[in-house]
Amino acid sequence: VEKLFTSAQGLPDDDIRCLTQGRDRTLWIGTKDGFCRLDKGQFESFRAKDGLSQSTVYTLCEDREGSLWVGTKHGLNQFLDRRTLPFTASEGLSSNDTGPVFQDAGGNIWVGTINAGLNRFDGHRFEMLSGDAALAGSSIGALADDGSGGLWVGTDKGVSRLRSNRVEQTYLTKDGL
């Protein structure tokens, strides 16, 4: 059964920026004016007035513990039991301008930023990949599991594959990308 959902049916905004399916099979929807959960045909919305760091939601990731990680231009937000924990450069992120978010098999939360690289959150602190872990570019647009314990990182200049926090492979346009 096809159904059209718009702000008239309860979406916070018609400009959809991201989607993810939750563990309980609900759908999380990030929009230009907050995010919502669609569950059994009902919308539950969260906006800046509800504690979100900024209205436009660029990325959503639900972790194994049921926390929802929400990325905006003004930081990363962790939603758990209707409480919001904001994470910004003050908490160690390399930038407040967050991009994709991904949880690896070890439970680490990876946070891509726009023009400030990749961060790993181990549950206690953020660490930016730097030095030997030079990625193809500093503007992170995509993160994906490689199926064998590694992480693919899509950037503005190419794609890199990480394993054990080190870059194993990088592909640029000169490599045929």
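Visitor: What counts as a salt bridge here, and how many come to the count by this rule?
Guide: A salt bridge is a side-chain nitrogen of Lys or Arg within 4 Å of a carboxyl oxygen of Asp or Glu. The model is predicted. By this rule the count is 11 salt bridges.

Visitor: Which residue does the side chain of aspartate 33 meet in a salt bridge?
Guide: Aspartate 33 is partly exposed, at 29% relative accessibility. Its N to O distance in the bridge is 3.1 Å. The partner is arginine 47.

Visitor: How many residues apart in sequence are the parts that this pair ties together?
Guide: Aspartate 33 sits in the loop between strand E2 (27–31) and strand E3 (34–39). Arginine 47 sits in the loop between strand E4 (42–46) and strand E5 (59–62). The pair therefore ties together parts whose separation in sequence is 14 residues.

Visitor: What is the N to O distance between arginine 37 and glutamate 44?
Guide: Glutamate 44 is partly exposed, with 21% relative accessibility. Its side chain meets that of arginine 37 in a salt bridge. The N to O distance is 2.4 Å.

Visitor: Is lysine 157 buried or exposed?
Guide: Lysine 157 forms a salt bridge with aspartate 156, with the closest N and O atoms 3.6 Å apart. Aspartate 156, at 44% relative accessibility, is partly exposed. Exposed means over 50%. Lysine 157 has 52% relative accessibility, so it counts as exposed.

Visitor: Which residues are linked in a network of salt bridges?
Guide: Some bridges join into a network. Its members are Asp146, Arg161, Arg163 and Glu168.

Definitions and conventions
Residues numbered from 1 in each chain as written. Predicted model: local features only at pLDDT ≥ 70, side-chain atom pairs only at ≥ 80, totals over all residues. Heavy atoms only, no water. Helix = DSSP H or I, 4+ residues; strand = E, 2+ residues; numbered from the N terminus. Buried < 20%, exposed > 50% of the residue type's maximum accessible area, 1.4 Å probe, protein only.
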